[in-house]
Number of protein chains: 2
Amino acid sequence: MTTFSGWNYANHEQSLLNLAADDLSLVTDLYQLTMAACYVGEGIEQRRASFELFTRRLPEGFGYLIAMGLTQALEYLEKLRFTPAQVEALKQTGIFAHAPERFWQLLLEARFTGDVYAVSEGTAVFANEPILRIEAPLWQAQLVETYLLNTINYQTLIATRAARMRDVAGESATLLEFGTRRAFSPQGAVWAARAALAGGFDATSNVFAALQLGMQPSGTMAHALVMALAATEGSEDQAFAAFHRYFPGASLLIDTYDTVAAAARLAEKVNSGELDLAGVRLDSGDLVELSHLVRSHLPGVPIFASGDLDEWEIARLKAAGAEIDGYGLGTKLVTGTPVNGVYKLVEIDDIPVMKQSSGKVTFPGRKQIFRTVVNGKVTADRLGLMDETPENGQPLLEIFMKAGKCIKPQENIGEIRQRTSATVASLPEEVRRIAKPITLHVEISNPLEELIWRTKNRELVTG
Amino acid sequence: MTTFSGWNYANHEQSLLNLAADDLSLVTDLYQLTMAACYVGEGIEQRRASFELFTRRLPEGFGYLIAMGLTQALEYLEKLRFTPAQVEALKQTGIFAHAPERFWQLLLEARFTGDVYAVSEGTAVFANEPILRIEAPLWQAQLVETYLLNTINYQTLIATRAARMRDVAGESATLLEFGTRRAFSPQGAVWAARAALAGGFDATSNVFAALQLGMQPSGTMAHALVMALAATEGSEDQAFAAFHRYFPGASLLIDTYDTVAAAARLAEKVNSGELDLAGVRLDSGDLVELSHLVRSHLPGVPIFASGDLDEWEIARLKAAGAEIDGYGLGTKLVTGTPVNGVYKLVEIDDIPVMKQSSGKVTFPGRKQIFRTVVNGKVTADRLGLMDETPENGQPLLEIFMKAGKCIKPQENIGEIRQRTSATVASLPEEVRRIAKPITLHVEISNPLEELIWRTKNRELVTG
């Protein structure tokens with residue numbers, strides 16, 4: 001390990017408890033900073049560069065993606081700053097010993113001054129379609145790559161999973177996000193909650209995320225409460241009674257000891273009018289069988305299920321006729337196969353460029369997605385150039401930030417959730433289904449085809 | 001969706017850019033707060049409770065786990081507070097309308113006053129072995145569940161993956177953490193970097209994480225630099241020359257156009273003494289074949305490989321004789337199958353308790369792990385009770401926090417990394433290997449067996 005002595009940026013060793021907004025400029029890969037310094041040295045740091053963020057292929061088993069994370073991306077760009085302490089810390093690493101002195105001044109004065117084009121959050125996108133494009137001075141556009149990918153990759157994954165779960169569960173089911181304990185960091189948990197709500201969920205148990213979004217957090221109770229009250233007060237029923245006294249609107253968790261026996265005892269109280277029960281939750285066992293038994297005892301009471309569920313398991317439970325009104329989704333919603341977005345230079349100083357590495361080719365030029373919708377259904381997407389005159393198709397990329405300033409009002413989660421719902425409804429059945437979906441074929445426009453051919457030939461000559 | 005009007009905790013809508021240290025008390029599941037309020041109502045909130053954090057089973061294909069995340073867990077506990085604004089926001093949700101008024105005072109005065117027992121970071125643990133135990137007033141021990149699980153689940157996953165990669169790659173290989181763009185949130189990226197370093201990596205590209213840990217960040221260059229300089233200055237070679245001028249210690253990325261041709265051109269400069277090349281990176285193509293071709297051109301130059309690598313791929317490359325000196329690990333290190341730790345009540349007011357739900361049984365009582373090591377190799381782990389007199393075996397759980405105060409000095413990453421290395425070296429080959437590992441059989445001590453039997457029978461009577 002390469003350590004270096006004496007300097008610690010925040011003057012407290014190893015504290016990684018949380019990140020301040022100021023810290024985010026350094027949440028980047030070192031090479032973004034070294035490349036920026038190189039651009040300064042070569043005098044090309046102010047050249048106008050366009051980078052596009054897209055996925056080369058969808059994660060295995062996905063027919064579409066729901067774009068998400070733009071709100072945080074824009075806020076990051078607006079707030080991007082380097083403090084004198086951060087610049088000093090970078091100098092002290094020694095890594096920049098041969099870098100041009102002017103680089104430091106550039107960092108100290110750093111503001112993001114570029115334009116951002118993007119598809120709106122909640123829009124379905126496919127492989128090779130740009131979710132976002134940055135047009136900015138080269139060094140700025142380079143520097144922000146890591147954060148933009150981080151934000152959009154993760155929120156897009158969660159929104160897509162949430163949209164699939166909503167699609168499978170149906171509009172009438174209640175979908176609750178319960179993933180905070182399994183999410184990859186507290187901030188990951190908060191973003192998962194946001195993206196799940198925007199993707200179609202009804203509520204989250206994450207208190208911070210819910211309050212920040214102006215929503216009520218949601219939750220039931222844990223086995224610990226039943227065990228603690230049963231141990232100190234005498235029985236599971238006393239635990240139920242106590243919790244219901246303070247939270248009459250909450251569901252009761254009935255599987256700590258014997259699920260069916262607990263349901264039968266609760267039914268006596270419901271039938272005698274002693275108890276107005278808002279719901280019960282099952283977290284273990286055979287959910288199909290148990291839900292039927294519980295329903296037979298408690299016919300009017302909503303049944304919630306949890307425990308390692310995902311869109312596949314929801315589909316299986318529904319197909320097996322389980323009597324479930326709502327699902328708590330955690331681990332399998334907030335973790336899993338990542339969305340592997342990439343961020344690639346497509347144009348510099350009006351010169352279109354493309355990467356030609358084996359298996360990782362990128363399309364050159366500033367692009368636009370043209371979507372054709374007939375009778376409410378998407379029939380075709382065409383990937384073309386930004387300045388094409390579209391004979392048909394609705395352009396999906398819009399400008400969100402001009403010269404570093406947001407020019408669209410921020411949407412609330414309800415608006416994004418509606419867009420997600422509408423976009424999923426517009427997809428062909430084979431794209432939308434979770435069993436072996438067939439993703440939409442994205443056509444390449446003639447002008448883009450010609451540009452690819454010209455760029456390839458030019459780069460073969462000069463490469 | 002249940003929204004409620006008027007109140008927004010932080011007075012800025014939807015800003016989820018980052019979490020302040022103060023925010024973390026609300027990064028919890030709602031039910032932790034409602035259960036705490038219920039405990040207050042029942043007058044049992046100050047009862048002494050013990051909760052243990054453990055996994056029921058290891059993730060598929062894992063033979064062991066490397067415990068990680070305790071440092072952040074302890075810092076969280078020491079700093080736990082609720083601000084008046086947070087308490088007000090909770091009141092305004094309306095959820096607590098029937099909760100006892102005294103709950104709010106408890107929150108406003110909240111401090112964590114309990115004890116924490118844990119295994120040291122970097123220690124190998126197995127299924128059902130407690131990684132951490134909280135002994136605290138019931139309401140506090142309940143409240144902190146979500147954060148503790150989040151922290152320890154994720155960092156333990158990453159440390160374990162890193163330890164496996166180090167074990168497969170060998171001590172002489174350079175392992176670099178490059179996952180920030182694919183991690184699940186910026187904070188997830190920073191924690192992944194920490195856990196990877198503590199698990200055996202040499203460096204991270206995450207600038208913030210490296211600086212906070214007092215280390216040099218690491219990195220090479222991206223295709224964008226080659227493309228930008230090739231487009232504006234004329235060729236890939238000019239891009240190499242420019243970057244090397246400012247960062248003579250950095251490796252050059254040589255696969256943007258034709259990898260072998262680039263290596264051959266660089267070799268001319270190396271052989272003529274014009275260029276002192278620190279390394280090259282390959283990010284695409286057949287790494288076995290390319291590394292041989294590049295080595296033949298550049299015999300003395302370290303070769304780094306990247307591009308969706310993991311411990312399996314490192315093993316495959318080594319078996320195929322690839323000429324690779326270092327690996328950049330990203331996506332497959334920082335995402336993937338989660339560690340599903342749980343946090344369960346095991347004792348309250350000196351009464352041992354156990355959950356008996358189908359398939360999710362927990363062992364009662366405050367436990368200790370006794371590890372037997374013979375000739376430097378772990379031969380057995382025994383799970384017993386904390387107050388057992390061990391005939392043999394070294395107890396692994398130690399006290400880290402007493403009455404809310406840390407009583408051990410914080411370790412630096414280098415120390416934790418050494419413990420990881422030693423613990424992996426002590427594991428039997430079948431536990432350690434990545435192909436179909438056989439995890440260690442954890443014995444149950446006689447006193448624990450008896451306690452399980454007694455608790456089951458008592459709970460059957462009173463349940």
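In what order do the 7 strands of the open sheet in chain A lie, and is their pairing parallel or antiparallel? The model is a predicted one, and in it the strands of this sheet follow one another as β13-β12-β1-β5-β3-β17-β18 of chain A, with antiparallel pairing. Strands β13 (351-352) and β18 (405-406) of chain A stand at the edges, and because each has a single partner strand, one side of each is left without a neighbour in the sheet. Within the sheet, strand β3 (residues 115-118) of chain A runs antiparallel to strand β5 (residues 132-137) of chain A, and 4 bridges join the two; here A:D115 is found opposite A:E135 of β5(A).

Helices from both chains pack on this sheet. Helix α6 (residues 145-169) of chain A touches β1 (48-55), β5 and β12 (341-348) of chain A, and its direction makes about 135 degrees with that of β12(A).

A:E135 forms a salt bridge with A:R366, in which the closest N and O atoms are 2.7 Å apart. Since A:R366 lies in the loop between β13 and β14 (367-374) of chain A, whereas A:E135 lies in strand β5 of chain A, the pair ties together parts that are 231 residues apart in sequence. Over all chains, the count of salt bridges comes to 59.

Chain B has an open sheet too, in which 6 strands with parallel pairing are ordered β7-β6-β11-β10-β9-β8. Its edge strands are β7 (203-204) and β8 (252-253) of chain B, each of which pairs on one side only. Strand β8(B) runs parallel to strand β9 (residues 280-282) of chain B and is joined to it by 2 bridges, with B:R281 in β9(B) as the bridge partner of B:L253.

How many residues of each chain are in contact with the other? There are 148 from chain B and 147 from chain A, and the area buried between the chains is about 12600 Å², of which carbon and sulfur atoms give 63%. Across this interface there are 6 salt bridges, including one between B:R181 and A:E145, whose closest N and O atoms are 3.1 Å apart.

Methods: Residues are numbered from 1 along each chain as its sequence is written. Chains are lettered from A and ligands numbered from 1 in the order in which they are written. This is a predicted model: local features need pLDDT of at least 70, side-chain atom pairs count only at pLDDT 80 or more; totals for chains, interfaces and linings use all residues. Side-chain values use heavy atoms; hydrogens and water are left out. Two strands pair if DSSP finds at least two bridges between them. Contact means heavy atoms within 4.5 Å. Axes are lines fitted to C-alpha atoms, for helices over the stretch in contact, and angles run from 0 to 180 degrees between N-to-C directions. Buried area is the accessible area (1.4 Å probe) that two parts lose on being put together, summed over both. A salt bridge is a side-chain nitrogen of Lys or Arg within 4 Å of a carboxyl oxygen of Asp or Glu.
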